[in-house]
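Dear colleague,

Please find below the structure I am handing over to you, followed by a short account of what was found in it.

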Amino acid sequence: MTASFGPLAHRRLFLKGAGLVALIGLGNAVLHATPVFAATNDNKYPEDAFKQKNAGEAIKALYGRDHEASDKIKLDAPEIAENGGVVPIAVTTSLPNVTSISFIVSENPFALAASYHIPEGTVPAVANRLKMAKTSSVIALVESGGRLYSATKEVKVTVGGCGG
């Protein structure tokens, strides 16, 4: 039994109208977001760098130059990670004109763990959860002003959280 008048009819009409407005708004948001997606795809995916097994080779494939240590990079990582499957890592820097931030895990089967392009005007800060095979050095690489800087920290990965 359907009501063609009364409070139920008004409620259904209202819900249909609200659903239509939501769909139009969603469609409008997708159409306006297209230039943003296109802008993020300007950089080529560094496939070759992610295939490198050695930290030095991964850095060379990604950046093509050597790095120097900098005290303007703050690398936050635990000294001991009880679960190598989810190791929280964060990097912030006070270096100007940062264009990319990358994470290298020396002892992983593939050394390059993550690489981010930093758009101009963006705060240069990145956080991630990395998977680490075993105790290793984590290197944060920051490209700034055409030069490559780094910060390194040793992270001990325990077996099953037992310290083994």
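The accessible surface of the protein chain amounts to about 10700 Å², and carbon and sulfur atoms account for 59% of that area. Please note that this is a predicted model. The chain has 164 residues, of which 30% are buried.

As to secondary structure, the protein chain contains three helices and nine strands. Of the contacts between residues at least 6 apart in sequence, 61% join residues at least 24 apart.

Strand 9, which covers residues 147–157, takes part in several pairings, and these may be taken in turn.

Strand 8 (residues 136–144) runs antiparallel to strand 9, and nine bridges join the two. Within this pair, Ile 139 has Thr 152 of strand 9 as its bridge partner. The two strands form a hairpin with two residues between them, and there Gly 145 adopts a positive phi near 60°.

Strand 1 (residues 68–69) also pairs with strand 9, here in the parallel sense and over two bridges. The bridge partner of Ala 69 is Ser 150 in strand 9.

Strand 3 (residues 80–81) likewise pairs with strand 9 in the parallel sense, over two bridges. Ile 80 stands opposite Lys 156 of strand 9.

In summary, strand 9 is joined antiparallel to strand 8, while its pairings with strand 1 and strand 3 are parallel.

Yours sincerely

Technical notes. Residues numbered from 1 in each chain as written. Predicted model: local features only at pLDDT ≥ 70, side-chain atom pairs only at ≥ 80, totals over all residues. Heavy atoms only, no water. Helix = DSSP H or I, 4+ residues; strand = E, 2+ residues; numbered from the N terminus. Buried < 20%, exposed > 50% of the residue type's maximum accessible area, 1.4 Å probe, protein only. Contact = heavy atoms within 4.5 Å. Areas by Shrake-Rupley, 256 points an atom, 1.4 Å probe, with all protein chains shown as cover. Pairing = 2+ DSSP bridges.
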